[in-house]
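Work through the exercises below with the sequence and the model open. Each task is followed by its solution in steps.

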Amino acid sequence: MKRYQDHEKILGERNSFSKTDPGATFMRMKEDYMKNGQLKPGYNVQISTNNQYIVNYSHHPNPTDYKTLPSHIDQFNKLYNGLPQAVVADAGYGSEENYTLLEKLGIDAYVKYNYFDKDQHKDKSKILIDLYYNAEQDCYYCQMGQKMKYIGTHIRETDNGFLAQYKNYQAIRCDGCPLRGSCNKQKGNRILAVNQNLAKCKSKATELLKSEKGIYYRSKRGVDVEPVFGNIKYNKGFRRFLLKGIDKTEIETGLLALAHNLAKRAK
Ligand code: SF4
């Protein structure tokens, strides 16, 4: 029992840890020599760059990128006593929580969400609009013109403690509707759960990403941060940490960042 309690203490919020480096968590790596998706102990290393200079770096015990953004931004603020005007990031960071945080901090979020690219290539003429929202009455109308009334709100808490709010709307009578089979697979009348804040965040992100500045930033992201990873991992051959523990591995990343920036400056 004591051993399990000790393990739980080491685990904290994580679901695994390495016995040889308790600070490291088992994650899926790009290098998969065994070709079996084997998990390996590691740290999720986040860097932010400006014109290929590393301006901030942080290590995280969780493999999911979107969860790392709030503390990474917080660290940036502590380092520079100020926030960046804009953040450019890929779809791995596009969560409601991150959009809401960046808006609160007054930072323009040039951050894609999942399916952003897919949405851009959709044939708009083939999209079947099956729901119409009436903002005045706060209700939806389905394809058959039936009113879907607001029936309440439920809250979902993310792993990070963010509370996402979903408004529920329900059709009055789906029985006998010719679209019953394709439209409503639920047992009773169709219930729709809408996260209006997320929809607002996505539409704001789309507007920014499709603006002139957004297109420029999107094209720049691939030649700003990615070559830095390429330089460190491929040119310099840094594939694994020499030390153990989050504090010591962060020092290694710090030294790498210094070396990278100095070499770039010298050139
Ligand atoms: S199944 Fe219900 S929600 Fe769907 S179209 Fe018919 S009446 Fe409307």
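**Exercise 1.** Is phenylalanine 76 buried or exposed, and at what relative accessibility?

Solution. The model is predicted, with local features needing pLDDT of at least 70 and side-chain atom pairs pLDDT 80 or more, while totals for chains, interfaces and linings use all residues. Residues are numbered from 1 along each chain as its sequence is written, and side-chain values use heavy atoms, without hydrogens and water.

Step 1. Buried means under 20% relative accessible area, exposed over 50%, and partly exposed in between (1.4 Å probe, protein chains only).
Step 2. Phenylalanine 76 has 16% relative accessibility, so it counts as buried.
Step 3. Tyrosine 80, at 44%, is partly exposed.

**Exercise 2.** Describe the aromatic pair of phenylalanine 76 and tyrosine 80, then that of tyrosine 140 and tyrosine 169.

Step 1. Rings of Phe, Tyr and Trp (its six-membered ring) pair if their centres lie within 6.5 Å; planes under 30 degrees apart are stacked, over 60 edge-to-face, and the rest tilted. The whole structure has 11 aromatic pairs.
Step 2. Between phenylalanine 76 and tyrosine 80 the centres are 4.6 Å apart and the planes 40°, a tilted pair. Both residues lie in helix H2, four residues apart, about one turn of the helix. Helices (H or I, at least four residues) and strands (E, at least two) are DSSP runs, numbered from the N terminus.
Step 3. Tyrosine 140 and tyrosine 169 are edge-to-face, with 4.9 Å between centres and 75° between planes. This pair links distant parts of the chain, strand E8 and strand E10 (residues 163–171), 29 residues apart.
Step 4. Tyr133, Tyr140, Tyr150 and Tyr169 form one aromatic cluster.

**Exercise 3.** Give the strand order of the five-stranded sheet and find its edges.

Step 1. Two strands pair if DSSP finds at least two bridges between them.
Step 2. The sheet is open, its order is E7-E8-E9-E10-E11, and the pairing is antiparallel.
Step 3. E7 pairs with E8 (residues 139–141) over three bridges; tyrosine 132 has tyrosine 141 of E8 as its bridge partner.

**Exercise 4.** Which residues make the contact between H2 and H3?

Step 1. Contact means heavy atoms within 4.5 Å.
Step 2. H2 supplies Leu69, Pro70 and Ile73, and H3 supplies Glu97, Asn98, Leu101 and Leu102.
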